[in-house]
Amino acid sequence: MSRIGKAPISIPAGVNVTVKDNLVTVKGPKGELQQEIHPEMKVEINDGVLSVERPSEEKSFKSLHGLYRSLINNMVVGVSEGYQKKMELVGVGYRAASTGQILELSLGYSHAIHIQLPKEIKVEAVTDRKSNPIITLESIDKQLLGQVCAKIRSLRKPEPYKGKGIRFVGEVIRRKAGKSAKV
């Protein structure tokens, strides 16, 4: 029984949802997103509330039910409010700078790393004195934002001994004790 799939999605003012064949299109003040869905899943809109229905109780349809409900809800939230992720660079000499859609990172390697970001993502890098550099990424597409954050994080994952690396703001890294002296 999919509890997530059964939950209705309330459509806020200013957001327009259209369903044509297998394509759900969501337009809002921040932009437009599209998602293709399984042909047998039904999406119904009644009085500003969207619901997703499954054709039968098969296991595959139960899993798709919750999946498509979550994807459509993420699209509605994205075009109305948007998504934002903040990443922090922890380490001596780690720097970040953004020019347009190019993010330049200095992460202790022999060379700087340049990342070309998709046009759907807005980036801002802030480096204050006496604090770690912070990269702020904003987008209406939650999936794309997560993928880009994962790619940036993979360049220098936080290590468990000193905690150096790229992490999300507020993320707690499990620390290990290093070698201890013999007693």
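1. The centres of domain 1 and domain 2, taken over C-alpha atoms, lie 31 Å apart. The domain assignment of the protein places domain 1 at 9-81 and domain 2 at 83-168, with bounds that come from an automatic or database domain assignment. Contact here means heavy atoms within 4.5 Å, and domain 1 brings 11 residues to it while domain 2 brings five residues.

2. A word on the basis of these values: this is a predicted model, in which local features need pLDDT of at least 70 and side-chain atom pairs count only at pLDDT 80 or more, while totals for chains, interfaces and linings use all residues. Residues are numbered from 1 along each chain as its sequence is written, and side-chain values use heavy atoms, with hydrogens and water left out.

3. Between domain 1 and domain 2 about 570 Å² is buried, and carbon and sulfur atoms give 59% of that area. Buried area is the accessible area (1.4 Å probe) that two parts lose on being put together, summed over both. On the domain 1 side, L33, N74 and G78 lose the most area to domain 2, and together they make up 57% of what that side buries.

4. How many salt bridges are there between domain 1 and domain 2? The count is zero, a salt bridge being a side-chain nitrogen of Lys or Arg within 4 Å of a carboxyl oxygen of Asp or Glu. The rule for polar contacts does find one residue pair across the interface, both at pLDDT 80 or more. That rule asks for a pair of N or O atoms within 3.5 Å; within protein, one must be able to donate a hydrogen and the other to accept it, and residues adjacent in sequence count only if both atoms are side-chain atoms.

5. Which elements give two or more residues to the side of domain 1 that touches domain 2? They are strand 4 (31-36) and helix 2 (59-80), where helices (H or I, at least four residues) and strands (E, at least two) are DSSP runs, numbered from the N terminus. Helix 2 gives the most to this side, with five residues.

6. Strand 4 also pairs with strand 3, in the antiparallel sense and over six bridges; two strands pair if DSSP finds at least two bridges between them. L33 in strand 4 is the bridge partner of V26, and L33 is also among the residues that lose the most area to domain 2. Two residues lie between strand 3 and strand 4 in their hairpin.

7. Strand 2 (residues 16-20) runs antiparallel to strand 3 (residues 23-28), joined by five bridges, with T18 opposite T25. Their hairpin has two residues between the strands, and D21 takes a positive phi near 55° there.

8. Two bridges link strand 1 to strand 6 (residues 49-53), and S10 stands opposite V49.

9. Finally, strand 8 (residues 95-99) and strand 9 (residues 102-106) run antiparallel, joined by five bridges. T99 stands opposite I102, and G100 in the turn of this hairpin has a positive phi of about 65°.
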